[in-house]
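The following note concerns the pockets of the model and what lines them. Please read the points in order.

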Amino acid sequence: MGELASQKHVQFIVSVEKKKDSFESVVMEHIRMNGAYWGLTALDLLGKLHVVDVEEVVSWVLQCQDDSGGFGGNIGHDPHVLYTLSAVQVLALFDKLDVLDIEKVASYVAGLQNEDGSFSGDMWGEIDTRFSYIAISCLSLLHRLDKINVEKAVNYILSCKNHDGGFGCTPGAESHAGQIFCCVGALAITGSLHHIDKDLLGWWLCERQDNKTGGLNGRPEKLPDVCYSWWALSSLIMIDRVHWINKDKLIKFILDCQDIENGGISDRPDDAVDVYHTYFGVAGLSLLEYPGLKAIDPAYALPVDVVDRIILDR
Ligand code: GRG
């Protein structure tokens, strides 16, 4: 089995940030806040967050904040919870949450809860269990979960549970590993994991492992993809069923997706690398306790030391 090319991945992440005219930077322009969270969390897991200019990042994050309290994907872009959580996570990495007007950010997020307990992503109203997770994770990191009706939020998530044990984006929607992470993560953060049939969901999740390559897919009949080494694996860990997959085969799959010459990790072996798959590959390896990486929290998707600092210091 190959090894994790840590130094190359650090160089790759830093280079994407520096080359503003590159293809990767241009296609990520509108989701730069998410990209910042992926790249910076990967650097932290690799023990290299100190290569970053903290003041520059914090100042840019604050410039992405809208009057409503929410954050956009880049300066001058409309606010959305997708970018608001990333902004909070990036500031959390640097222990800089105190630069925020916490009440204002929390009010923006809490204001997106609907009567049935669900959450909209922004003022346009799309509803998705991704937004339930984001609201709950974000408000928990800000110590403001009291601003929403947690019981209704949990009940809405439970209404998206399917007979196969998985969860979808809205009631009745197909189970998908990405949505399962969101629902299980939100239930974990709110202390509601007892609502899950862990054996049933564990069975569905462990069936995501492809026998041949060892990689995980996001739903039946789909190709394996490195990002599910986060979405499915973190869920298996949260429900205590990670021993139901072959960890060594999954480690090999992730390592096989590296570009060992130029750095970065792709969705599948020999595909083009990007920051998203680099982050979720490294995060997956961290969950698999690969040597030399910081541990990551499966519910908050942040390094364990960052989560401990915020949540335990309440
Ligand atoms: C803080 C880690 C973190 C997340 C924030 C945005 C979010 C909350 C969660 C997203 C969860 C999700 C839906 C992930 C799946 C992303 C993905 C690869 C979708 C692709 O779907 P398809 O249908 O892919 O194109 P498949 O693999 O099913 O063919």
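**Note on the pockets**

1. The lining of the second largest pocket comprises 15 nonpolar residues, six polar and one charged. Here Ala, Val, Leu, Ile, Met, Phe, Trp, Tyr, Cys and Pro count as nonpolar, Asp, Glu, Lys and Arg as charged, and the others, Gly among them, as polar.

2. This is a predicted model, in which local features need pLDDT of at least 70 and side-chain atom pairs count only at pLDDT 80 or more, while totals for chains, interfaces and linings use all residues. Residues are numbered from 1 along each chain as its sequence is written, and side-chain values use heavy atoms, with hydrogens and water left out.

3. The second largest pocket holds about 490 Å³ of space (a volume is the space filled by probe spheres set on grid points, joined across faces, edges and corners). A pocket is an open set of points on a 1 Å grid over the protein atoms alone, where a 1.4 Å probe fits, with protein on both sides within 12 Å along at least five of seven lines; lining residues have an atom within 4 Å of a point.

4. Of the 22 residues lining the second largest pocket, Trp38, Leu82, Arg130, Trp231 and Phe280 lie nearest its centre. Helices (DSSP runs of H or I, at least four residues, numbered from the N terminus) that each supply at least two lining residues include H3, H5 (81-93) and H13 (275-287).

5. The largest pocket contains about 680 Å³. Val16, Glu17, Lys18, Lys20 and Arg32 are the closest to its centre among 24 lining residues. H3 contributes the most to this lining, with six residues.

6. The lining of the largest pocket has 13 nonpolar, four polar and seven charged residues.
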